[in-house]
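Colleague: I'd like to learn how to read the packing in a model like this one. Could you take me through it feature by feature?

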Amino acid sequence: MARPLPDPLPRLCADPHWGDWRWQLSHTLSAADLGVHDVAAFPLRVTPYYASLARWDDPEDPLLRQFLPDAREGLPDGYGPDPFGERGAAAVAPGIKQRFPDRLLAMVSVACSTYCRHCTRRGLLEGACAARLDDLLEAVRTRPAVREVLLSGGDPLILPDATVLTWVDALAALPQLDAIRLCTRTPAVLPMRFTQGLVEGLARSGRVWLQTQFNHPRELTPEACEALARLASHGIPVSNQSVLLRGINDAPATMAELCAKLQRHRVRPYYIFQCDPIAGISHFRTPPETAPRLRDYLLTHLGGLACPRVVADLPGAAHKTDI
């Protein structure tokens with residue numbers, strides 16, 4: 001059934017502060033704001049910017065479905081909230097995890113500006129503990145094999161510039177690290193976050209790689225492309241990890257369009273992930289034949305620089321598994 005445009009959106013879209021990322025964060029929309037019944041424990045939260053991109057008169061709109069709750073989230077599906085063991089054995093310290101010998105992941109934030117319904121950590125964020133910088137630095141120093149750190153969450157870029165840059169600069173001072181990966185969906189859901197000051201600060205060490213997630217060509221708006229251009233012009237490599245989502249981007253032509261547009265804006269299509277085996281998101285998972293068919297289509301329609309690996313992240317596996 002089609003939904004009417006929520007009452008707050010036209011007013012918010014006309015606000016003179018629309019282009020200020022802090023204003024966007026302070027006006028994130030909840031289920032109550034949008035007149036939506038929140039059917040699951042995982043809350044609805046979306047920036048006015050991203051909500052404004054959705055076509056509210058189309059219940060199958062690929063952007064709308066990424067942030068609106070779905071009744072199927074509450075159905076038993078045989079999956080658990082933590083198949084990758086991010087709680088417990090994999091923890092190095094609160095908020096710091098190690099699945100692979102050469103890299104550490106730190107949950108710098110336990111919140112996001114927009115909650116994706118397909119989130120891998122949807123069952124882990126509530127009550128989670130954010131990492132401490134001192135713990136992360138100690139974890140790197142005591143693990144000589146570690147050459148990359150992933151700053152993740154939640155989304156680290158909901159934090160103030162000073163906090164983000166303190167983490168980045170402290171890690172960049174460690175000679176053993178080759179890369180600091182900033183894992184954020186901000187380019188797609190809050191592109192005005194990439195101010196000149198932030199991007200200059202991220203670029204100064206020459207160690208930052210930005211890893212993001214665009215799932216549909218319509219997310220590459222002029223605002224998003226401006227943010228990507230600013231990152232590229234400051235020498236910050238950007239790679240994209242899409243999630244394969246049924247009814248959203250599983251049509252081969254849609255994914256090919258997304259990958260081609262990403263390359264046009266100097267973003268490397270890096271991975272397409274099979275939807276993770278997380279409780280509450282089975283309605284997003286595609287049939288087994290979809291991913292191989294998609295892979296073959298992309299290989300025959302795109303050059304190598306625009307063609308991502310199609311993979312699954314399997315619990316207990318030592319690496320990503322090609323499909």
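**Rings, strands and the core**

Modeller: Let's begin with a charge over a ring: Arg 193 lies over the face of Trp 21, at 3.7 Å from the ring centre. The rule asks for NZ of Lys or CZ of Arg within 6 Å of the ring centre and within 35 degrees of the ring normal. Before we go on, note that this is a predicted model, where local features need pLDDT of at least 70 and side-chain atom pairs count only at pLDDT 80 or more, while totals for chains, interfaces and linings use all residues. Residues are numbered from 1 along each chain as its sequence is written, and side-chain values use heavy atoms, with hydrogens and water left out.

Colleague: How many aromatic pairs are there?

Modeller: The general idea is that rings of Phe, Tyr and Trp (its six-membered ring) pair if their centres lie within 6.5 Å; planes under 30 degrees apart are stacked, over 60 edge-to-face, and the rest tilted. Here that rule gives six aromatic pairs. One of them is a tilted pair of Phe 42 and Tyr 115, with 5.3 Å between centres and 55° between planes.

Colleague: Which parts of the chain does that pair tie together?

Modeller: For that we need helices (H or I, at least four residues) and strands (E, at least two), which are DSSP runs numbered from the N terminus. Phe 42 sits in the loop between helix H3 (31–34) and helix H4 (48–53), and Tyr 115 in the loop between strand E3 (103–107) and helix H6 (133–141), so the pair links parts 73 residues apart in sequence.

Colleague: Is Phe 42 buried or exposed?

Modeller: Relative accessible area decides: under 20% is buried, over 50% exposed, and in between partly exposed (1.4 Å probe, protein chains only). Phe 42 has 7% and is buried; Tyr 115, at 12%, is buried as well. Now take the rings of Tyr 270 and Tyr 271: their centres are 4.1 Å apart and their planes at 25°, so this pair is stacked. Tyr 270 is partly exposed at 28%, whereas Tyr 271 is buried at 8%. There is also an aromatic cluster formed by Tyr 50, Trp 56 and Phe 67.

Colleague: In what order do the strands of the sheet run?

Modeller: Two strands pair if DSSP finds at least two bridges between them. In this chain 10 strands form an open sheet with mixed pairing, in the order E1-E2-E3-E4-E5-E6-E7-E8-E9-E10. Strand E1 (91–93) and strand E10 (321–322) are at the edges with a single partner strand each, so one side of each has no neighbour in the sheet.

Colleague: How does E1 pair with strand E2 (residues 96–100)?

Modeller: In the antiparallel sense, over two bridges, with Ala 91 opposite Lys 97 in E2. E2 then pairs with E3, again antiparallel, over three bridges; Ile 96 has Ala 106 of E3 as its bridge partner. E3 and strand E4 (residues 148–152) are parallel, over five bridges, and Arg 103 stands opposite Glu 148 in E4.

Colleague: Why is E3 described as largely enclosed?

Modeller: Because four of its five residues are buried.

Colleague: Which residues of helix H9 (residues 196–203) are buried?

Modeller: Leu 198, Val 199, Gly 201, Leu 202 and Ala 203. The buried residues of H9 pack against helix H7 (161–172), strand E5 (179–183), strand E6 (208–212) and helix H10 (222–233). Contact here means heavy atoms within 4.5 Å.

Colleague: Which residues does Leu 298 touch?

Modeller: Leu 298 belongs to helix H12 (residues 290–301) and is buried at 0% relative accessibility. Not counting residues up to four places away in sequence, Leu 298 touches Pro 252, Met 255, Ala 256, Ile 272, Cys 307 and Pro 308. Leu 298 and Pro 308 are 10 residues apart in sequence, with their C-alpha atoms 8.3 Å apart.

Colleague: And the chain as a whole: what share of the residues is buried?

Modeller: Buried residues are 55% of the 323, and the chain has 12 helices and 10 strands. Among contacts between residues at least 6 apart in sequence, 78% join residues at least 24 apart.
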